[in-house]
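Visitor: I'm new to this one. Could you show me how to read it, feature by feature?

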Amino acid sequence: MNGSLTFLSVAPEIALAAAVVLLLLVEVTFKPRAWAWAVVAGAGLAAGTALSAWQWVAHRGADTGTFWNGMIAVDGFAALAGLLVFPLAGLGLMSAWRLAASQGRRGAEFIALVLLAAAGAHLMAAAADFIMLFIGLEVFSLSLYVLAGFTRERVDADEASLKYFLLGAFASAVFLYGVALVFAATGSTTFYGDGGIADYLAGTVIFRPGVLLAGLALLLVGLAFKVSAAPFHVWAPDVYQGAPGGVTGFLAAAAKVAGFAALARVLTAVLGARADDWVPAVAVLAAASVVVGTLLAIVQDDVKRLLAYSSVAHAGFILTALVAGRGGVGDMWFYLATYAVQVLGAFTVAAAVSGDRAGRSPLAHWAGLGRRAPWLAAAMTLMLLAMAGIPLTAGFAGKVAVFRAAIDAGYLWLVIVAVLATVAGLFFYLRVIVAMYLASPEEGASLPASPAVGWGARFVLAVAAAATLVFGIAPWPLLEVLRDALPL
Amino acid sequence: MPQTDLSAYLPIALMFVLVVGFSVVSLFLARLVAPRHPTPEKVEPYECGIVPLQEPVQRFPVKFYLVAMLYVIFDIEIVFLFAWAASFDDLGWYGLAAVGLFTFLLIETLVYVWRRGALDWNLPRRRRYQRAGAAAGDAERTAA
């Protein structure tokens with residue numbers, strides 16, 4: 001393969017890793033003020049984004065390939081993942097900036113972990129081999145485990161971190177077992193090329209697919225855990241509720257993007273020849289997620305927990321796009337990108353309302369927010385309406401896109417279930433909006449100090465609101481572009 | 001879906017039966033066959049063959065934990081270096097550069113934790129570091 005492109009294929013990861021090393025060295029050498037962290041982190045993320053943009057321009061449809069002996073893929077899929085993950089990490093950092101700055105000298109570690117998580121997430125999307133995918137998964141997950149328990153003063157943050165770690169490690173083990181079984185069935189861990197898994201499955205009739213199917217099921221379970229699809233979602237509410245408010249948004253958004261990127265490549269590109277086997281399983285997972293997520297969100301009294309269950313339902317909606325196989329990948333990206341921004345925005349508001357180190361955000365904190373902080377309430381309302389799928393928001397466009405993909409694939413029953421769940425979901429989203437505008441704070445209730453919003457959080461909310469409205473009113477250009485973001 | 005042919009699962013099922021069977025059989029067999037002459041020394045938890053003098057639950061400084069963790073990291077590094085050294089001739093300059101990068105990352109980590117005071121046995125540097133951090137954090141908050 002072309003030698004110069006070899007290193008350019010992992011250039012985004014190199015840029016991020018270099019930024020992490022530099023950040024930590026600068027931190028212990030000069031003990032700089034917090035803005036120096038921002039400069040290094042911003043430079044790393046900007047370099048990663050620029051390199052992904054270059055990959056997108058140069059290697060979107062044509063001139064794709066794998067490098068490092070088939071370990072890393074350069075294609076539109078990986079490039080778009082970078083274009084999504086790195087800016088998202090930047091927004092996540094802005095949203096969590098006050099939290100990071102309040103941690104004193106540990107703030108540098110906080111920022112380094114966010115950058116490492118972004119690098120791992122991109123590696124998951126660009127991996128062209130199960131081993132590389134697993135390394136990306138671990139880099140990404142380990143960073144998030146630590147971030148979930150970053151504040152030391154609360155026990156429930158430790159609890160969230162430990163739960164996330166134990167269950168996540170278990171899911172990683174399940175995933176790895178799936179890899180082993182797929183290797184046993186196909187004789188390879190590499191996705192593409194001669195003797196790769198896709199090649200083997202396309203050219204071979206397997207008379208005894210038991211081992212392969214068992215492996216496929218375990219892969220699906222491991223990745224479904226990462227994206228918190230029901231019935232593998234039980235960690236999500238506790239982790240989202242316990243994690244410090246400032247970082248929950250990044251946690252939720254990045255986990256979805258990275259997990260679905262890996263899932264989409266593995267299912268549609270690598271195991272595409274076995275679509276008849278995994279599509280029904282994905283459809284059942286999707287239906288279970290929308291139903292379970294919606295029903296359990298209805299009974300929540302804590303906004304962060306409610307958003308966690310809503311994210312389970314959204315995992316189901318995104319899975320709905322994947323039943324269309326390769327044809328649904330573009331729709332999946334659209335839903336994923338818009339939802340990631342919405343969930344980041346929503347958790348940013350929650351951090352402002354209940355405090356960015358706090359875990360819980362009971363509905364009582366939100367009473368009368370429309371009068372106390374009208375802009376915050378307006379931003380939250382927009383995010384919630386978008387998640388509910390109200391027309392003229394990106395959430396509506398995304399839902400239409402994934403439903404159309406599923407109907408084209410012949411899964412009308414799944415779309416009917418999802419539409420019913422959407423209607424039921426309106427209830428709990430509106431419940432928060434009603435609390436913000438129609439309820440007044442209880443007499444003598446101890447509200448947290450008046451919502452404090454840093455400039456970073458304001459910028460995040462402005463971007464989230466703009467993206468939600470622009471891609472809600474005119475989704476077609478983005479949808480067209482995303483059709484090119486296909487795996488090899 | 002094609003008709004499910006469960007015979008492909010037969011080796012897995014056999015393996016499962018073997019694993020369970022072997023562990024159950026060896027447990028019971030040991031209980032049945034092994035001679036049993038318990039003495040106070042024998043029922044103690046095994047510790048290098050020496051009779052323990054005191055209960056093992058005692059407090060020990062958490063700083064040992066930090067040192068042990070650093071030890072493991074550099075232990076693993078040596079494992080990787082052995083693999084590289086064994087095939088040094090084949091890997092050439094590329095291998096040297098790759099291992100150099102790997103070692104640099106580890107040393108960078110060591111520098112970081114060292115400067116943060118992880119190797120200080122009596123904590124003065126770590127305290128100083130955290131005090132500086134707290135002061136900077138306060139300055140940040142008042143500036144914001």
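Guide: Let's begin with handedness: a crossing is left-handed if the near helix is turned anticlockwise from the far one by less than a right angle, and right-handed if clockwise. Helices here (H or I, at least four residues) and strands (E, at least two) are DSSP runs, numbered from the N terminus. In this structure, α10(A) passes α12(A) in a left-handed crossing.

Visitor: Before we go on, what kind of model is this, and how is it numbered?

Guide: It's a predicted model, where local features need pLDDT of at least 70, side-chain atom pairs count only at pLDDT 80 or more, and totals for chains, interfaces and linings use all residues. Residues are numbered from 1 along each chain as its sequence is written, while chains are lettered from A and ligands numbered from 1 in the order in which they are written.

Visitor: Back to the helices, then. At what angle do α10(A) and α12(A) pack?

Guide: Two packed helices are described by the angle between their axes and the distance between the axes. Axes are lines fitted to C-alpha atoms, for helices over the stretch in contact, and angles run from 0 to 180 degrees between N-to-C directions. Helix α10 (residues 210-226) and helix α12 (residues 245-270), both of chain A, pack at about 160° with axes 8 Å apart. Angles under 35 degrees count as roughly parallel, over 145 as roughly antiparallel, 65 to 115 as roughly perpendicular and the rest as oblique. So α10(A) and α12(A) are roughly antiparallel to each other.

Visitor: Which residues of α10(A) and α12(A) make the contact?

Guide: Two residues are in contact if their C-beta atoms, placed from the backbone, lie within 7 Å. From α10(A) come Leu219(A), Leu223(A) and Lys226(A), and they meet Ala255(A), Gly259(A), Ala262(A), Leu263(A) and Val266(A) of α12(A).

Visitor: And how do α14(A) and α18(A) cross?

Guide: Helix α14 (residues 303-322) and helix α18 (residues 394-408) of chain A cross at roughly 45°, and their axes come within 7 Å. That makes α14(A) oblique to α18(A). This crossing of α14(A) and α18(A) is left-handed.

Visitor: Which residues touch the most other members of the largest nonpolar core?

Guide: In soluble globular proteins, nonpolar side chains tend to be buried together. A nonpolar core is a set of buried Ala, Val, Leu, Ile, Met, Phe, Trp, Tyr and Cys residues joined through C-beta atoms within 7 Å. Buried means 20 or more other C-beta atoms within 10 Å of a residue's own, exposed means 12 or fewer, and partly exposed is in between, with C-beta atoms placed from the backbone. The largest core has 207 residues, and Ile111(A), Leu115(A), Met124(A), Ala254(A) and Val257(A) touch the most other members. Helix α15 (residues 329-354) of chain A gives the most to this core, with 19 residues.

Visitor: Is Thr49(A) buried or exposed?

Guide: Thr49(A) sits in helix α3 (residues 34-59) of chain A and counts as buried, because it has 21 C-beta neighbours inside 10 Å. Setting aside neighbours within four places in sequence, Thr49(A) contacts Gly82(A), Leu83(A), Phe86(A) and Pro87(A).

Visitor: Where is Asn69(A) found?

Guide: Asn69(A) is in the loop between β1 (65-67) and β2 (72-74) of chain A. Its phi is near 55°, a positive value in a residue other than glycine. With 11 C-beta neighbours inside 10 Å, Asn69(A) counts as exposed.

Visitor: How many helices does chain B have?

Guide: Chain B has 5 helices and 0 strands. Of its 144 residues, 1% count as buried.
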